[in-house]
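Work through the exercises below with the sequence and the model open beside you. Try each task on your own before you read its solution.

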Amino acid sequence: MASVNSLASTLQQHLADALTAALPEAGAADPLLRRSDRADFQANGILALAKKAKANPRDLATQVTSALPANDLIKDIEVSGPGFLNITLTDKAITETLAARAADDRLGVPYAENPGTTVIDYAQPNVAKEMHVGHLRSAVIGDAMAKIMEFEGEKVIRRHHIGDWGTQFGMLIQYLIEHPTELDHKDAAAGEADGEAAMSSLNRLYKASRALFDSDEEFKARARDRVVALQAGDPETLALWQRFVDESKVYFYSVFNKLDMEIDDPDIVGESGYNAMLEETCQILEDSGVAVRSEGALCVFFDDVKGPDGNPVPLIVKKTNGGYGYAATDLSAIRNRVTDLKATTLLYVVDARQSLHFKMVFETARRAGWLNEDTKAVQLAFGTVLGKDGKPFKTREGETIRLVDLLDEAIERASAVVREKALDLTEAEITERGTQVGIGAVKYADLSTSANRDYKFDLDQMVSLTGDTSVYLQYAYARNRSILRKAGDTKPAAHPELELAPAERALGLHLDNFAETLTEVAADYAPHKLAAYLYQLASHYTTFFAECPVLKAETPAHVENRLFFCELTARTLHQGMALLGIRTPERL
C-alpha cells in the first residue's frame, strides 16, 4: 500500500500554497510549522517573509488564512501575536488519517525515496578474549540502526570486524602446541560445548600463556617465531589459529543470543579477512602519493592533526619493521566494501575515543578516491558506560565487568519485578518474560541516551516500572493488549464522525508522527529519537487510559473507536520496540 501523508505534511503543503498565493514574489516559502501547546500546530514562517517583503506580518497572516482552501482538515485558525498562525485540526481528519495508517501493514511508513547500500560495522569482539561492558554499546546501537535502516528500505550489509589477528596469537598457538589439551572443556557437563565452557578454556589458556611469555625468555622466542609462521601461512599454525577463532565464535554466539541479537557467520569478517589486500593497499597509497615514507614507515600526514609538541601526527599504514598497522586493515576494508560490496554508505559504530583514528582513515580514503560524493563514511561514535558513581564501570577489584554477568543480573532483577506483578503467569512464563524485560531494560537504557553521551548503568532505574524505561513501555503494551482481549467480540473500528476527547487528540496526533520520526532517526543515525518517541507514546496512552473509558465508553461507536486507538497504539509500540531490538510480551 502507498504511504500515508501525515497531517503535518498535508497542512504544511496547504500553508505553503497559501503563502505563495498571498505573496507570489516569495516563491516557494516555508511556513515553519511545529507542534504547539496553544493549538495543534503553530506556523511561524510569516514573520520572516513579511520582513523580506516589507509587508505587515499580521496582514499577511490574514491573507494566508483567506487563501487556505475549505476542507475537512482545519477546524480553527487564528492569527496570534505579530503574525503567528495557531491551527487546530478537525477530529475527523485525525481519525481518518489514523484509519489509513491502520489499513497499512507498515503503519503508513514510506520506503526511502533513494535507498542505497549501507555496510554497517558493529559488534566487534576480540578472539580469545571475554566480552565486557565496553562491547555492549556497539552491539546494541548497531543492531537497532541496521533494523531501522532496513525497515526504511535501505540495503544493509552487516560486518563484524572481530579482532582475530595479531602478535598475541603467536603466544597462544605456541602454548597450545606445547599443551595440546588446554582448549578442551574441563569441568563442562557432558556434551556441553556452550559459550561459558568455551570462554573458560580460552581464559585459562590466555592467562597461562601470558604468564609463561612474561617469565620464560625461551618460550617468548618460540612464540615470536610462531607469529612469523602464522603470517607466512604455515598450515599447522593456521589450523590452530582457526581453532581459537571457532572456539571464540561459540562464546560470541552465546553472548549475542543472550542479547537477543542475530549474528550470521558470513557477516563475521575479522581483521584476517583483509590480509591478502594489505600490501596492495599500501602500494596504491604510496604510488599515488597519498602516503609517504617517514623514518622507514609508510605514513599519511594531515595539516590539522598535531601532537602536544606541535609536530604532525601521522596515520601509520606500514611500520618501520614491515608490519601493518590497524590503518592498513581499515583502509583495505573500505576498499572491499566500496568496490566489492558496492556500498554507498559505510557506517562505523565505534567508541568515540577512536574518533581521531577514523577521521584520519576516512580522509586518507577520500584522498585515495575510495570515498567520494557517491560514497560516504560515517562514524556513529558512542560514549562510555559509567557506574552509578559516574566513573567508568568496573568491579570492586577494579576489573572490567564481564558482559555476561551484567546481563544475568539484569535478567534476575527483571524476573523479580515480573514475579511481583504477575497474576496469572506460570513459572516458565515468568522466566521467559524476565529475560525479555531484563534484556530490554539494558538495551533501552543504552538506546534512550544519545549515542555520543556517556550514561550511567543503574539496574535499579533500568527495571523501574515508572519513568523512561523499557519496562514502562512493555507494561503499557501489555495493558493495552489486555483491554483488546477483554473486548471479546467487539472489534476495533474507526469512527471519524465522533468528537475526540483531548487525550484522544493528543494520542492521535502523536501516532500520526511515527513515520516522520523514523525518517529522521534513519537520516541522523539517532535511535535515541525513536526511544523518546515511544516513551512519549506510552505516556500519551497512559493519559488516554486514565481519562477515556474504553470498554465502558458512552456508546458502542465510542467503544469501537477507542479500541481502534488502543490497537493502533499497540501496533506502533510493537513495531517501534522491535526496531530497537526489544520484545513486547503480550502478558506481563
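The model is predicted, and local features need pLDDT of at least 70, side-chain atom pairs count only at pLDDT 80 or more, while totals for chains, interfaces and linings use all residues. Residues are numbered from 1 along each chain as its sequence is written, and side-chain values use heavy atoms, with hydrogens and water left out.

**Exercise 1. A pair of helices**

Task: Determine how the axes of helix α6 and helix α7 are oriented to each other, and describe the residues that meet there.

Solution: Begin by locating the helices, which are DSSP runs of H or I with at least four residues, numbered from the N terminus; α6 covers residues 168-178 and α7 covers residues 195-215. Their axes, lines fitted to C-alpha atoms over the stretch in contact, with angles from 0 to 180 degrees between N-to-C directions, come within 9 Å and cross at roughly 100 degrees. Angles of 65 to 115 degrees count as roughly perpendicular, under 35 as roughly parallel, over 145 as roughly antiparallel and the rest as oblique, and therefore α6 and α7 are roughly perpendicular to each other. Next, look for contacts (heavy atoms within 4.5 Å): Met171, Leu172, Tyr175 and Leu176 of α6 meet residues of α7, including Leu205, Tyr206 and Phe213.

**Exercise 2. The surroundings of Glu504**

Task: Decide whether Glu504 is buried or exposed, and find the side chain with which Glu504 makes a polar contact.

Solution: Glu504 belongs to helix α17, residues 502-511. Because its relative accessibility is 1%, Glu504 counts as buried (under 20% relative accessible area, with exposed over 50% and partly exposed in between, using a 1.4 Å probe and protein chains only). A polar contact is a pair of N or O atoms within 3.5 Å; within protein, one must be able to donate a hydrogen and the other to accept it, and residues adjacent in sequence count only if both atoms are side-chain atoms. Such a contact, of 3.1 Å, joins the side chains of Glu504 and Arg562.

**Exercise 3. An aromatic pair**

Task: Classify the aromatic pair formed by Tyr541 and Phe544.

Solution: A search of the whole structure gives 13 aromatic pairs, in which rings of Phe, Tyr and Trp (its six-membered ring) have centres within 6.5 Å, and planes under 30 degrees apart count as stacked, over 60 as edge-to-face and the rest as tilted. For Tyr541 and Phe544 the centres are 5.7 Å apart and the planes at 35 degrees, a tilted pair. Both residues lie in helix α19 (residues 527-547), and being 3 residues apart, they are separated by about one helical turn. Tyr541 counts as buried at 0% relative accessibility, and Phe544 also counts as buried, at 0%.

Definitions and conventions. Helices (H or I, at least four residues) and strands (E, at least two) are DSSP runs, numbered from the N terminus.
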